[in-house]
Amino acid sequence: MSDKKRYLITAALPYANGPLHIGHLAGAYLSADIFARHLRLLGKEVAFICGSDEHGAAITMRAKKEGTTPQAIIDTNHGIIKDSFEKLGVSFDIYDRTSSKLHHKTASDFFTTLHEKGAFEEETSEQYYDEENNQFLADRYIVGTCPKCDHEEAYGDQCENCGSTLSPLELKNPTSKLSGNTPILKTTKHWYLPLNKEEGWLKDWIVDGKGRSEAWKKNVLGQAKSWLDSGLQPRAITRDIDWGIPVPLEGAEGKVLYVWFDAPIGYISATKKWAEENNKNWEDYWKSDDSSLIHFLGKDNIVFHSIIFPSMLKLHGDYILPTNVPANEFMNLEGQKLSTSRNWAVWVHEYLEDLPNYQDELRHTIIKYMPETKDSEFTWASYKEVVDADLVGNFANFINRVVVLTNKYFDGKVPDFVANAQVKDSKGENSTAGAELKVLEVKLKTLSEYISTYNFRSAQQTLLEISTIGNQFLQTNEPWKVFKKDKEAVKPVMNIALQIISALSVVCRPFIPFASDKMRTLLNLKAIEDNGEWKDLLDILAEGKPIIENEHQIGKPIHLFKRIPEEVINSQIEKLKNNQPKTINYEPVKKAIDFEDFMKIDLRVGTIIEAVKVKKSKKLLELKVALGFEERTIVSGIAEFYKPEDIIGQQVVVVVNLAPKKLRGVMSQGMVLMAENEEGKLDFVHPSHDFGNGFIVK
RNA sequence: UGCGGGGUGGAGCAGUAGGUAGCUCGUUGGGCUCAUAACCCAAAGGUCGUAAGUUCGAGUCUUACCCCCGCAACCA
């Protein structure tokens, strides 16, 4: 860890078009929270910044679809998200929003400064415009016929049939996905950030590590490098929509800053607001070499935080560059990708409602399975397993044992610490109280080191090792046996055990803050103010002194955690499976065609007689279809839904006069008709009774 | 197709700078009874995706291939 005086920690701004789910927590917020809490406990100056990202076309479209306003959408979601973070104990110093006045001004000024420095390029071009919706169309909202392979549903940026990269202007018969109409061409002017000019120093900085004080994670470097290697392109930073921050230039009416330009500036405006409210100077955090800037995010945001935002900061001047960009990969849920549209997620606000006061349990499980190096998975079964084993059996049980024994034998008073008193260590070897305190000190340092180097899973494991050692320590010393014959000999044992749980009450805080508070109450110790308590602990231990004083009176035993009943996880799994997609987007009806056009298509009934998977492809099956008068080889993209052996004998409808087309090296002579539902699942279209082959369908 | 990540005992994962293969859960046996049927000890179980190469020595480096996941659609 770069040992700086001040730390500016950001977590990616959640997009306010939906609530928060566990994937978000796993991606950025819990790691950031652990990191920030740890630094505060070490007595560092910390600003932990986040807020809602509230601009962008997706929000306006959602508003249109739901018949409401963008403002209403962001107000609702900002409220839910903010509340979820608070209740879960994510300790932002400020959770701001990009629709705020201050942010508008900050982003606007930032743009102006860059513009005055001549950092942008202007370019006028023709773009498709949907007259019904009064807006320019993003590439993905235009479909048409591919100029290369005549596939009829190519997108504005790419044809999924032949894989070629396209521009919307190349498409034949372009159609707006919004209205189904043919869009018109309009000229429009946009400002571009010429990232290609920044390549030089970015390479030095990212690839060679020039001017960086910390090693970056492998996945982050990999992503950033691949962007650099493929050559950076100028990126448009303005858009023709009416929701966002107006471009502060003459002749730019009706244009706004593109969200990814305005969003990261949100970190700056939020810092300003926080500084104002707390009597601090925001520039100390953003413009001083004493400060370390660390961006936490999920992998989809790597390019913005490693390349684009640093370029913006550098071009603006005065700003420091990020020390590190610790990005996590993605978390899956019960074997499947999290998906907002399919409602396949554990929503944080729903979790908090269903399982109130189980915040630490969720935090612990997500940290345990945090996708630090690769995608990981959350299952309710593992949630129960981890809570029962780690939190109940190991952690809380150890604390409970100590508290019960102390109450039983010494009326809840801490017996005296004697440094050279004889005790057994966790392995059963002879040791002294002082030596055992050293063992604890070493563990605390290891734990601290892991957090500082972004190894949060290892850190959590180290935390649990401390209570494991505690459990072993009790086992080898057997105070319940010894007490019967030698009360004095039990005193140093219980003292050490109490030292350990006192330390735990502090160092567990970044992970399970609610338990930390309960432990302080239970032990009758001063409430933690997140201000150097961990450092104090290490200082005391370094002097060989005990953490909790002799004769200190602790409270009565309580259960910090409870086992998760089987019914709870069953009902959660049930709930997940019953979730239906909330909205269905029906494809717009295509343009009318003549009867003659329709009759050009020759459809026939056939039967699949052979099926094998096409090598090197995941979607394609090579089928042999009997059509009566002949047999055809047809390649069909159904491998994800059907096993080859299961579809032999299946009757199908085939387009027999479609021009042959080579797919993955196999010539396909026709097309099997399939119905596709909103999840993209495919099913055969076929006669409802066994029918001969080769007959016409009309 | 381009790019990123990965393939390690039954399951889920660690393996940092090449030198006896670790952890959690599960399984089996034992111990303890202070504790939330929690805790502690021990055992069984792996040719580290495949093939070749570098090396005295490779899970760890090189090359080829096979397989899985993700990003290339403003969902961390």
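Buried means under 20% relative accessible area, exposed means over 50%, and partly exposed lies in between. The model discussed here is a predicted one. D33 has a relative accessibility of 0%, so D33 counts as buried. R363 also counts as buried, because its relative accessibility is 0%.

These two residues form a salt bridge, and their closest N and O atoms are 2.6 Å apart.

## Other salt bridges

Side chains of opposite charge can pair when their charged atoms come close. The count of salt bridges in this model comes to 34. Salt bridges that share partners join D33, R37 and R363 into one network.

A further salt bridge is the one between E54 and R97, with 3.0 Å between the closest N and O atoms. This pair, too, links distant parts of the chain, 43 residues apart: E54 is in the loop between β2 (45–52) and α2 (57–66), while R97 is in strand β3 (residues 94–97). E54 has a relative accessible area of 0%, so E54 is buried. R97 is at 21% relative accessibility and therefore counts as partly exposed.

R509 and D517 also meet through their side chains in a salt bridge, at 3.0 Å from N to O. R509 counts as buried because its relative accessibility is 6%. D517 has a relative accessible area of 36%, so D517 is partly exposed.

## Helix α3

Helix α3 covers residues 70–88, which is 19 residues. At 1.5 Å a residue, the helix should span 27 Å, and this agrees with its end C-alpha atoms, which are 27 Å apart.

Which residues of α3 are buried? They are P70, I73, I74, N77, H78, I81, S84, F85 and L88. Seen down the axis of α3, the buried residues fall within an arc of 135°, so they line one face of the helix. An α-helix has 3.6 residues a turn, so residues three or four places apart point the same way.

After α3 comes G89, which has a positive phi, near 80°.

How values were computed: Residues are numbered from 1 along each chain as its sequence is written. Chains are lettered from A and ligands numbered from 1 in the order in which they are written. This is a predicted model: local features need pLDDT of at least 70, side-chain atom pairs count only at pLDDT 80 or more; totals for chains, interfaces and linings use all residues. Side-chain values use heavy atoms; hydrogens and water are left out. Helices (H or I, at least four residues) and strands (E, at least two) are DSSP runs, numbered from the N terminus. The expected span of a helix is 1.5 Å times one less than its number of residues. Buried means under 20% relative accessible area, exposed over 50%, partly exposed in between (1.4 Å probe, protein chains only). The arc is that of the directions from the helix axis to the C-beta atoms. A salt bridge is a side-chain nitrogen of Lys or Arg within 4 Å of a carboxyl oxygen of Asp or Glu.
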